[in-house]
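Dear colleague,

Please find below the structure that I am handing over to you. My notes on it follow directly after.

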Amino acid sequence: MLSRVAESLYWMSRYIERAENVARFIYVNTWLSLDLGSEYIEQWKPLLSASGDDAIFTEHYDQPTKQNVIQFLTFDARNPNSILSSVTGARENARIDRQYITLEMWEQINRFYLFLRGGAHDAARGIEAHQDFFAEVTTASHLFVGIMDSTMTHNEGWHFCRLARHMERADKTSRILDAKYFLLLPSVDAVGSPYDDILWTAVLRSTSAFEMYRKQFQSISPDRIVEFLVLDGDFPRAIRHCVLSADNSLRAISGTPKGTFRNAAEQQLGRLCAELNYVRVSEIMGRGLHEFLDDAQLRLNLAGEAIHNAFFALQPVPVMSQYQRGIKE
Amino acid sequence: MLFDGYDSGGFFDEMFDAQGNPRPAARLLFQRVAALGDGELRRYQQAAEQAFFRAGITFTVYGDEAGTERIFPFDIIPRIVTAEEWDHIERGLRQRVYALNLFIDDIYNFQKILKDRVIPPDLILSAKSYRKACAGLKPPHGIWCHISGTDLVRDRDGEYYVLEDNLRTPSGVSYVLQNREVMQRTFPQIFEQNHVRPVSAYPSHLYRMLQYVAPAGATSPCVAVLTPGVYNSAYFEHSFLAKFMGVELVEGRDLVVMDGYVMMRTTKGFERVDVLYRRIDDDFIDPMTFRPDSLLGVSGLMEVYRAGRVSLANAPGTGIADDKAVYAYVPKIIKYYTGEDAILPNVPTYVCWEDKDRQYVCDNLEKLVVKAANESGGYGMLVGPHSTAEQREQFKRAINADPRNYIAQPTLGLSRAPVIVDDHFEGRHVDLRPYVLYGQEIFVLPGGLTRVALKKGSLVVNSSQGGGSKDTWVLGRPEAVC
């Protein structure tokens with residue numbers, strides 16, 4: 001398929017996933033403040049760190065108040081990662097790929113976009129976004145993925161979408177875990193307190209992992225949660241699951257067998273898979289969760305760049321005659 | 001009830017005869033619509049508009065920061081063309097496109113028609129749309145204008161006239177298909193028993209034609225649609241056609257000339273392209289041959305084309321045959337190449353480079369429609385009866401400064417069709433653009449784009465000038481439909 005089309009499929013899919021994750025952050029944080037009551041000081045700043053946009057925020061806003069942060073993360077067009085910017089980006093890419101994706105997929109993206117436009121319109125008139133609004137963003141994203149899985153042939157383009165979705169999701173799960181560990185905690189005293197339990201629960205909820213975690217581990221413990229969100233192979237938002245799925249799609253695209261590589265993208269992702277397959281949670285905690293996650297994010301970024309170079313940025317190779325080749329050697 | 005007080009205003013009406021009775025072919029449609037309550041009809045109209053919205057077939061309103069999007073106006077009352085009328089149109093279009101194709105081939109090869117003084121050679125050789133770079137070319141099967149969209153209008157007498165030939169990259173066919181689909185989705189009961197001929201096979205015909213004109217020797221040729229990109233106003237159509245033919249939609253930057261062939265950049269390396277249905281004007285397709293500042297085209301494309309290693313549809317250079325100055329000669333062109341009289345007449349045309357005509361035009365501007373020979377989309381036009389003295393003075397100066405560039409026609413009383421205005425119907429002027437494909441045979445899509453001048457009294461139907469569209473029903477003969 002065309003490199004340009006593959007690239008815009010890739011970004012369409014990443015942007016949808018990104019919008020969903022930002023909505024999750026907001027949803028859970030709002031819920032958290034309700035559960036912890038007045039003793040808890042609302043923490044909105046960590047959300048900015050989790051999405052990685054603190055710098056742009058401080059450029060345009062004074063205080064990280066609830067209202068400011070929600071506006072910034074949801075509707076602000078100046079924030080390239082806001083929900084609205086992401087879905088607009090997804091739609092622009094979908095427009096490029098319209099001859100490639102199914103009508104049902106296009107209509108869902110379009111519906112998603114019009115829904116957000118309506119929300120932005122309300123927000124501009126001072127009507128605060130309802131809690132359900134963020135749940136609906138999440139559902140709209142799920143719907144898109146479901147429609148894609150059930151209407152689009154699981155061909156190369158579909159694998160580019162799946163690759164992108166899991167790359168984005170792995171990154172976001174690692175960020176929210178990281179943000180919790182360093183920022184969500186009001187103070188060190190809170191470790192082990194009832195608050196801690198609630199805060200960890202929030203992390204699980206923001207990754208939709210609460211119920212699935214309970215089924216597997218019952219009681220809340222940081223090590224177990226890290227094990228579940230980082231190393232689980234079957235939970236769809238766990239980092240390992242995401243990286244393995246991304247690797248599967250990458251190999252479905254290139255045809256390179258597992259355990260080998262033919263380009264830097266396969267090498268990067270393959271390495272990360274091996275690390276996640278063979279590390280123990282005690283080793284992660286011993287090394288420091290933050291360091292581990294930081295490293296994982298860095299490697300995901302490198303893999304992303306390598307995917308770009310291997311598939312999207314093809315350059316024509318000038319034809320060299322035998323003679324020229326001889327001189328070069 | 002809704003049609004109460006409907007006034008055809010002395011124009012030929014597509015739905016009603018001069019006595020105000022529905023025409024026989026429109027009777028069923030009339031009964032169905034008249035049986036609806038007005039609220040009901042409005043609901044169908046809104047449902048159709050919503051369907052366009054959901055499908056994202058919209059354009060952005062420029063200068064609006066909120067990024068407001070609009071749909072192209074659409075009226076749900078179809079325009080009906082009877083089987084007999086269509087037979088006539090179809091024969092006329094086949095004849096016209098066949099002759100114009102021979103004309104183009106002649107102009108770029110032998111110029112017999114110029115040597116025989118049927119057309120003044122200067123007129124052709126001085127035209128902006130004449131491409132020296134195309135001289136001596138022999139496209140596969142001698143076909144130059146693979147896709148054309150001919151604009152037809154009806155005058156007060158109901159006769160169909162050709163208003164203009166579009167032989168470069170005519171657009172709008174996706175709306176023909178989309179309008180029909182939206183109608184079938186939102187207002188299905190109105191089709192019953194009407195024997196409307198389907199339009200949905202267009203992409204298959206298009207694809208077959210494009211494969212047919214592939215370079216000799218290309219087995220299972222690779223076809224692609226070349227678009228200027230997502231910001232082009234016809235981008236929806238480009239992606240629509242690529243999608244329904246199941247071929248790649250490429251931009252100039254996806255293509256590169258390598259080893260004498262056109263290749264596209266894919267995730268698996270470079271792949272050869274054999275046929276390009278290009279929706280980029282001649283001027284922009286190859287910066288090495290035409291405009292050097294073009295960022296849309298492919299460097300070296302024309303050289304590959306000349307070597308017969310890629311086919312372009314339409315071929316570069318076809319613009320010479322839809323030049324508005326050449327238009328006046330089309331009846332002669334048809335006679336010259338086929339020996340037949342034109343089946344579909346031209347609108348009488350005054351050509352301003354002939355002194356007598358120019359004098360008449362300048363003296364009668366308030367009665368005429370003046371058009372710049374090299375403009376399209378309703379630009380560079382003066383509608384005499386609706387013009388101010390100042391505008392007429394401006395045109396007079398422009399005509400005298402560059403007579404070659406102007407033609408004039410009597411202001412036609414274009415036929416009208418009823419459109420929904422609030423809670424009742426009013427007549428609005430319409431035209432008709434059928435689409436013709438020239439491959440192994442000449443195929444005329446039974447349907448076309450009916451454009452409506454939505455502004456009351458306006459004669460300009462172009463979408464850039466406040467026009468909308470209607471579904472166009474070409475009826476089959478009832479006995480022919482099993």
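Predicted model: local features only at pLDDT ≥ 70, side-chain atom pairs only at ≥ 80, totals over all residues.

Residues are numbered from 1 along each chain as its sequence is written, and chains are lettered from A and ligands numbered from 1 in the order in which they are written.

Chain B as a whole

Chain B contains 14 helices and 23 strands; helices (H or I, at least four residues) and strands (E, at least two) are DSSP runs, numbered from the N terminus. Its radius of gyration is 23 Å, close to the 23 Å that the globule rule gives for 482 residues, so chain B is as compact as a globular protein of that length. That radius is taken over C-alpha atoms, and the rule is 2.2 Å times the number of residues to the power 0.38. Along the principal axes, the C-alpha atoms of chain B fill a box of roughly 70 × 60 × 55 Å. Of the 482 residues, 44% count as buried, meaning that 20 or more other C-beta atoms lie within 10 Å of the residue's own; 12 or fewer make a residue exposed, anything in between partly exposed, and C-beta atoms are placed from the backbone.

A sheet of chain B

Three strands of chain B form an open sheet in the order E4-E20-E21, with antiparallel pairing; two strands pair if DSSP finds at least two bridges between them. Strand E4 (147-149) and strand E21 (442-444) of chain B stand at the edges with a single partner strand each, so one side of each is left without a neighbour in the sheet. Strand E20 (residues 435-438) of chain B is joined to E21(B) over three bridges, and Val436(B) has Val444(B) as its bridge partner.

The contact between the chains

Chain B and chain A each give 19 residues to the contact, where two residues are in contact if their C-beta atoms, placed from the backbone, lie within 7 Å. On the side of chain B, the elements that give two or more residues are helix H8 (235-245), strand E8 (248-250), strand E9 (255-258) and strand E10 (261-266).

Arg205 of chain A

Arg205(A) lies in helix H9 (residues 194-206) of chain A. With 17 C-beta neighbours inside 10 Å, Arg205(A) counts as partly exposed. Leaving aside residues up to four places away in sequence, Arg205(A) touches Val28(A) and Phe210(A).

Yours sincerely
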